[in-house]
Amino acid sequence: MTTQLPPGLQLEKVDERIMTLNVGPQHPGSGHMRLIIKVDGDYIVSCDPDPGYVHRGEEKMAEYRNYIVNIPHLERPVIHDSCNVLYPYCLGVEELLGLEVPERAKYLRVIASELNRCVYIQYWLAIYGIFLGHSTMFMWPAGDRELLIDLLEKITGARVTHAYFVPGGIRNDVPANFEEMCLKRVNYFEKRIKEYAAIFYDNPILISRTQGAGVLSREDAIRLGTTGSTLRASGVDFDLRKKEPYDAYGELDVHSNVLKDGDSYARSKIPWLDMLESCNIIRQALQKMPKSGSVRVKLKPNPKGGNDEVYKRVESGRGSLGCYIVSRSQPEPYRLKLSVGSFRNLICMPYLLKGEKLGNMPAVYWSLNYWPVEADR
Amino acid sequence: MADAVFLAISVLTIGSAIAALEVRSLIYGSISLMGTLGGVAGYFLLLDSPFVAMFQIAVYIGSIAVLILFTVMLVRRQLIFIKIEDKRRRYAGIGLMLIMMVSLGAIIIGSGVKTMQTDAAPVDFRTIGEDFLTYYWPALVLMALILAASVIGALTLARREDMENEQRTD
Amino acid sequence: MVGEYAANFSHVLLMFGFAIVAVGPALLISRMISPRKRSNPVKFLPMECGQVPQGEGRTHFMMQYYSYVLMFVVFDVMAIFLYAWGSSLLSLPKTATLPIIAFLGIMFAAMAFALYQSKRRNIW
Amino acid sequence: MSAIAPKFRFSYFLRSILDNVFWIITLLTLVGIPLAMVLFFYFELPVMNNNLTSPYLMLTTIADPSRQVPLLKSIMHSDFFRITAFPGFGFAALLAAATIFIERKMLAKLQLRVGPFYCGKIEGILQLAGDGLKLISKEIIIPAKADKPIFWAAPVLFVATAAAFVALIPVAGGGWVVADVDVGLLAVFAIIGFFPVITVLSAWSANSKFPFIGGIRALHQMVSFEIPLILSVLGIVILTGSLNLSEIVQSQIHYWWIVFLPIGAIVFFIAMLAELERIPFDLPEAESEIVAGWLTEFSGMMYGLVQLGSYVKLYAFSALFVVLFLGGWNGPMIWPPFPEDIIKNGIVMGPITAHIPGLPLLDQQMINDVVWFVIKTMGVIFMILLPRGVFPRIRIDLLLHIGWYKLIGLCFVNIFIALGLLYAGVLGPGGIL
Amino acid sequence: MSQPETPETKPVATAPPAKAPPPAAKAPPQKELPQFEKSIADKLEGKFSTKATIEFVKVNRIRVKVNKEDMLDVARFIRDELHFDHAESVTGVDYPDQKEIEVTYHLGSYTDPELAKQVLTLATRAPREENPSPGNDSTRVPSLRDIFYSVEFHERECFEMLGVYFENHPDNRRLLLPEDWADLPPMRKDFKIKGR
Amino acid sequence: MGTATGIIKALNSGIKHLAVKRFTLRYPEQKLKFVGDGYQFDPTTGVGIAGYKGRHMLFHDKCTGCQLCAIACEGVAEAIGMVKVQDEWKHNKKGIMPQIDYGKCVFCGLCVDACPFYALYMTNDYELSSFTKEALIYTPAQLQVKPYVQQDAEIVFDSRGATHG
């Protein structure tokens, strides 16, 4: 209905209700990225992610360095998950060069990779906590992470940028009495993360806030090509550790965690379950690991691959992490492409945030297990 | 002492009332309006009826002024009425005001306010409640109806009219 | 006596004034001793997460919960009437309960309507 | 020598301190003493020994401690003392500072970390002073397009409104309250009504998007939770028939209202959290959504003042909770009585015998009251602080839903409980208890 | 169909009927081909005998090369008949010596548990220009966004990194690079890193 | 009632943790203990020996000036440069030895892997901060000095939680 307006008064148009908010790059609720969000009142009308603030051209850099020297810089996209980000690269180069990894190195790789996954997920969880305004959930994971960081430091010699995996095995053997130390810490760590349930995952306020926020149905999860916890929270049982076992995972009993809801709550719970599963895998691997033996194949100084290409993928903390290497008989890769889980999950962001409430924005955004630095590479 | 306070409150009330009408910025106008309403509360305090004074502050400043502020903030300035300078309108307004003041004054003078004792004991606020629920109960029910009607009317007026535009997916 | 209560309330005002007098100098001192560099105009832009601000700061931004604010105005009045009733309850006759029940009934009907309206998100 | 402070010399540092001391002493003697003399003539001075104190007499009391006690006593019973120091602003600010310290240390303990540690040797007790110094020496940046008068006034008004709230809180028996108002409870609600106004005005004046959203959120939140806040106390008003806070406290000599009206207490507590913008209801300052809400554009001491105001407000609310539900200052006598001979004869300190009859400026009852009041208030403050470590932030629509559906329903349940108790003859005049 | 290939670039891709062995020089040439992968490759072969070239079949990996004109048909067949339902990555590889840019889609499947291990590599080539102006030159391939929704952001990345324009892509904008990037697309070989 | 019990459980968990020991490592007073003496490499087997990758240490009597470490670093950080040293060594004809710029070093340890003569290894010293960039460049003479490190804090588990004892 249109009423007769007094002169000088106009009805405002719809577009004037819409406010454009830049969430990021200098925003406590964004990573190193920007979300251009249009809000109508409390509802998000559209969302346009703008990554690229930490783009460093890792792929270009890799074309100039040989297969060994690529290692320290290729782990930079995700320094919290540096073992896993090197994993597919090492697998790929091993296939290119035709290397056979020693048995003990396979298990140690699995252990280091699972420890690093826990470290990554703890960091992710800490930020998820602070995004939801739960400061304890920031401090606890950030503190308990220290247990495993300390352990990894004893193995690899660095706290986060381990540079531990190399084509052909691992850089160094573990120190003495490692198994006992590892078991003790992993057991305590498992006990600690089980305590998160009462204060975080079973917290009614958290449940009321995240359940039903940003629901990604099974069909959409497949159609959008999501991966990792985002995919498994939507009810698709796809865990590369089980589906395409690499290294020692084939001999271990891996259980992949799947939830059906596909909302923020399920997406945030899957990594937590993954951590418990990781503790399990580490204990198994410690048992089955050969007690001694070689851990590294000796390489020539400048190894060359043939005219070939490989695509290897592993399950990282953020889902499937693929490494595509094109080799042209040079010591350097001709083209190296990292297909990272974060970048694949980025496409969900405009899809899920549309029509969502502004208050749900951080919950949905971070539950996608998106790591801006990795997506930019 | 009371006289001085009365004068001060009068100056505050009338001054801020004038400011509320004359200030160009709407926000400052509504702040001035809050001053006026607070001045009225001051009158009530001077008249030894703190209950009504607190009612005045809590309702008029605490909620109605907030509502006015809120509404003023949400409306852009150029969308408000353009001020139309018209001599006839002004005189008509002044005339209307005079008529209203005279009639109100007549009512007040006729209501027996002249015979009131200034040094009588103040009325306990509980008697207000008692009177409301016994002798004046129709007024209470009437007030409830008015409030209900106002909330319904306000809700009906405030909704947006361009519902067809579909921007939200839920 | 006229102004008896006003004298009591004046303490509240005095406290209000004293707080202003006490904390105002903090701002003044801060203004005096803090550095003031006005060379960089970007410093005085509103916060926009590191981007150049687009659009106005004070747009017509309406939350979908406007009805709650409208309801507040009415229910504030209602609550204070309930205080008048509650504080004088002891000296009231039993029949005086009826008007308050009618009052509450009408108000609850209005509240139900308002809550129903506030639930319909798409009209706001 | 380090590159960060290349010109630092200890002698310079000492010289600057000596400079400051010199100037302070000079200014005090040149300005302070004449000013004090002038002011003494204008102040209403107390009557001592049956004669009005003159300014000269006033100065002589400085030399004679036996004359100071009655003077101090008279000062302590003046309105000025009440407003500035004890039940008023100073006390509130002190408790607010204690609150901040407790919050930091308790939260740190809950989160298995240390918290402030180095500033002030003992567990970082001077951290707050350090923070205050930092804030006061920071530059105040005001956005260019802001509405400057409102922007400057908002923090000050926020503190002042919180202080006005404090004025209504009775701290101890015997009239230890700044403003003993007959309709105290209503006055409290009238003052609470100012907070949304100030918030929304400051948010509007900043002329920026995030403060604007934060201000509107704050408005919705505060305004919605005022109704449950007001209605949850109605049960007490029904049972006591009074709106005076001191009378409400006196009505709880034998039992606290939280025993009979637990639902009202819970509703009041939740509404209080929302009014205070504490986690889980700190939506107006939700940093992950809207940078810092309506505080985004405040910098330096303006931010500090808003924080001061919000902690004073926190004290005032928890004191109100104590007054309404936890029996205020009532409690068993735990303060030991003062020794008789000191009261009569004064203290003997070594060679000097200072005969100061009536040394205790405060009586035993009053100190006991204050101790109980502070203990209870600290308990309530602890309960307000604890959710910050335990709960995440809630969403605005859930918040409003809780406020308007659940809490108001519980309020009416509470009122019916109160009415039932009254009509069943359990409480109220002629009741069993 | 495809352009003649110089032997040192792409190792195999000879006549379609004879499945090329894994081309690595070190691997034994007469290795047994994995059965399951071969069956998939045969299906593709049977449908698009002339259009699609099977370049290699390895354990869990198949590589198919098509012309860019046949891209949409092959991709639709892969989605509908072979049940590959999402793209893991889209990679552009620059071959300046052949004046071509290859765009490689790595396709995987979530719905079919048998295909969970498989990654099908779908490659196509676009002509390359010496002085590129991204979006306006002949370096363009059809977008697979309507078939595999998940390639949307990958194709945007490929567009800005190599200057390959994807036709019918709804949103061909910059993604990672700064807004004022006016140089060559950085992943091309003639874009050199400073100092190397 | 699920909500109420959940809230009570969360509060209970919070209060319980008030009695758990603090986990913080008080850094300048306590320093974490590391395995062994530092990261070393055995070129005969091609496998490293676990240890912390801190500041390097250079044995002048073993370094031949072969530049392999500098070549290894070239693609990583370009932190190693070869400089002339004053001393005369028989095995080091050119008289050049690595000089490491810790403003650029990423502590990956590839230089240690590259050294075939056991001349370079990494120590537990990680406190390298300085006020100038120049002070971060360590000459061969500085690299020769064995750092003094005192690191003794370790994570201790007991019934009241873990601490850095």
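**View 1. A:Leu352 lies in helix α14 of chain A.** This helix covers residues 348–353. Helices (DSSP H or I, at least four residues) and strands (DSSP E, at least two) are numbered from the N terminus. The model is predicted, and local features need pLDDT of at least 70, side-chain atom pairs pLDDT 80 or more, while totals for chains, interfaces and linings use all residues. Residues count from 1 along each chain as its sequence is written, chains are lettered from A and ligands numbered from 1 in the order written, and side-chain values use heavy atoms, without hydrogens or water. A:Leu352 has a relative accessible area of 5%, so this residue is buried. Buried means under 20% relative accessible area, exposed over 50%, and partly exposed in between (1.4 Å probe, protein chains only). Leaving out residues up to four places away in sequence, A:Leu352 touches A:Gly214, A:Val215, A:Leu216, A:Arg267, A:Val364 and A:Leu368. Contact here means heavy atoms within 4.5 Å. A:Tyr365 is 13 residues from A:Leu352 in sequence, and their C-alpha atoms are 8.7 Å apart.

**View 2. A:Asp308 sits in strand β6 of chain A.** The strand spans residues 307–316. A:Asp308 counts as buried because its relative accessibility is 7%. The side chain of A:Asp308 makes a polar contact of 3.4 Å with the side chain of E:Lys58. A polar contact is a pair of N or O atoms within 3.5 Å; within protein, one must be able to donate a hydrogen and the other to accept it, and residues adjacent in sequence count only if both atoms are side-chain atoms.

**View 3. D:Arg278 lies in the loop between α13 and α14 of chain D.** Helix α13 covers residues 262–276. With 10% relative accessibility, D:Arg278 counts as buried. Its contacts beyond four places in sequence are D:Glu103, D:Leu273, D:Tyr311, D:Leu314, D:Ile384, D:Leu385 and D:Arg388. Of the 433 residues of chain D, 57% are buried. Take the contacts in chain D between residues at least 6 apart in sequence: 75% of these join residues at least 24 apart.

**View 4. Helix α5 of chain D spans residues 89–110.** It holds 22 residues. From first C-alpha to last, α5(D) reaches 31 Å, close to the 32 Å expected at 1.5 Å a residue. The expected span is 1.5 Å times one less than the number of residues. Just after α5(D), D:Leu112 adopts a positive phi of about 60 degrees.

**View 5. Chain D meets chain F through 17 residues of chain D and 16 residues of chain F.** The two chains bury about 1500 Å² between them, 70% of it on carbon and sulfur atoms. D:Lys109, D:Leu112 and D:Val114 lose the most area on the chain D side, together 35% of what that side buries. Buried area is the accessible area (1.4 Å probe) that two parts lose on being put together, summed over both. The interface has 0 salt bridges. A salt bridge puts a side-chain nitrogen of Lys or Arg within 4 Å of a carboxyl oxygen of Asp or Glu. Polar contacts link 4 residue pairs across the interface of chain D and chain F, both residues at pLDDT 80 or more. Elements giving two or more residues to the chain D side are α5 and α16 (364–390). Helix α5(D) gives the most, with 4 residues. That side divides into 12 nonpolar, 1 polar and 4 charged residues. Ala, Val, Leu, Ile, Met, Phe, Trp, Tyr, Cys and Pro count as nonpolar, Asp, Glu, Lys and Arg as charged, and the others, Gly among them, as polar.

**View 6. Chain D puts 81 residues in contact with 62 residues of chain C.** Between them, chain D and chain C bury about 6400 Å², 76% of it on carbon and sulfur atoms. D:Glu139, D:Lys209 and D:Trp404 supply 11% of the area that chain D buries here, more than any other three residues. The interface of chain D and chain C has 1 salt bridge. C:Lys43 pairs with D:Glu139 in a salt bridge, with the closest N and O atoms 3.1 Å apart. Polar contacts join 4 residue pairs between chain D and chain C, both residues at pLDDT 80 or more. Helices that each supply at least two residues to the chain D side include α4 (79–84), α7 (148–166), α10 (209–240) and α17 (396–423). Helix α10(D) gives the most, with 17 residues. By class, this side of chain D has 58 nonpolar, 11 polar and 12 charged residues.
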